[in-house]
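User: I am new to this structure. Could you take me through a few of its features?

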Amino acid sequence: MSDYRPLVFAHRGGADALPEHTLGAYLRAIEEGADGLECDVRLTRDGHLVCVHDRRLNRTSNGRGLVSNKTLAELDALNFGSWHPGYPADEELPHLSRLLTLDRLLEALRGCGRPVRLLIETKHPSRYGAEVERRLVGLLRRHGLTEGRPDAPVSVTVMSFAALALRRVRALAPAIPTVYLLEILPPGVGRGRLPFGARIAGPGVGLVKARPGLVPAIKAAGHQAYVWTVNEPDDLDIVLEHQVDGVITDRPRFVLERLAEM
Ligand code: G3P
Ligand code: CA
């Protein structure tokens, strides 16, 4: 019997069951046993890193317009949970509706009682010059999380589809591990070569299926593979056959149950 078991990351906090990127979603995923969390970050107009996936507010809040045009105070006045089918119509639940900043998330994880892995994806790195990465590394430094210490309460990994973002993070904080996210296959990566010291490749599950040689090449080159977004049983079977190192999923409970049955 193999002792293989991948790390399980709750994508956007486990976006299937609860409103994505809310503290309630993240804490529930930890309670359910997820090894870690995946979180997208964007900059507000006044320079705060907030955990919001889309460029616009329309889908996941009762606000409108671009996240980057709003101040933190303006975003704090919105409800980020009431759009979700699971959100009760007659109650205010701050843990499932309040905007989550990265600072608030790090603070909460520090007090959650067990070590947690946090994958932070920077969105739109070129739009603000190096501002997203500078702010991110500055915040992580204030939380004491840039040294890659194994005993840290939160072990942070930064992810991006943009090699440029990985280069900036490496220059600012070389001990932070990085993931090169892949939707298509850039030159060299099919042979296991990752840019700017990235230790981990992050292919989408569609790419893993289209290129069955990709994960073996990544692993043969000494890197790890974290695959997203693995929600369906067939997809889970495929990534487990490839013995990927991390499974990023909207349905952490489902993935954990499948792994427990193995
Ligand atoms: O974990 C990577 C994955 O989150 C990338 O896609 O659009 O959900 O941020 P997206
Ligand atoms: Ca993401």
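User: Which residue in S5 is the bridge partner of arginine 117?
Analyst: The partner of arginine 117 is serine 155 in S5. This is a predicted model, in which local features need pLDDT of at least 70, side-chain atom pairs count only at pLDDT 80 or more, and totals for chains, interfaces and linings use all residues. Residues are numbered from 1 along each chain as its sequence is written, while chains are lettered from A and ligands numbered from 1 in the order in which they are written.

User: How many bridges join S4 to S5?
Analyst: Six bridges join strand S4 (residues 116-122) to S5, and the two run parallel. Strands (E, at least two residues) and helices (H or I, at least four) are DSSP runs, numbered from the N terminus. Two strands pair if DSSP finds at least two bridges between them.

User: And what stands opposite methionine 159?
Analyst: Valine 179 in S6 stands opposite methionine 159.

User: Through which helix does the chain cross from S5 to S6?
Analyst: The chain passes through helix H5 (residues 163-172), in a right-handed β-α-β crossover. Right-handed applies if, with the strands pointing away from the viewer, the path from the first strand over the helix to the second runs clockwise.

User: Why is S5 largely enclosed?
Analyst: Six of the seven residues of S5 (residues 154-160) are buried, so the rest of the structure largely encloses this strand. A residue is buried if 20 or more other C-beta atoms, placed from the backbone, lie within 10 Å of its own, exposed if 12 or fewer, and partly exposed in between.

User: New topic: is arginine 12 buried or exposed?
Analyst: Arginine 12 is buried, with 26 other C-beta atoms within 10 Å. Its phi is positive, about 55 degrees, although arginine 12 is not a glycine.
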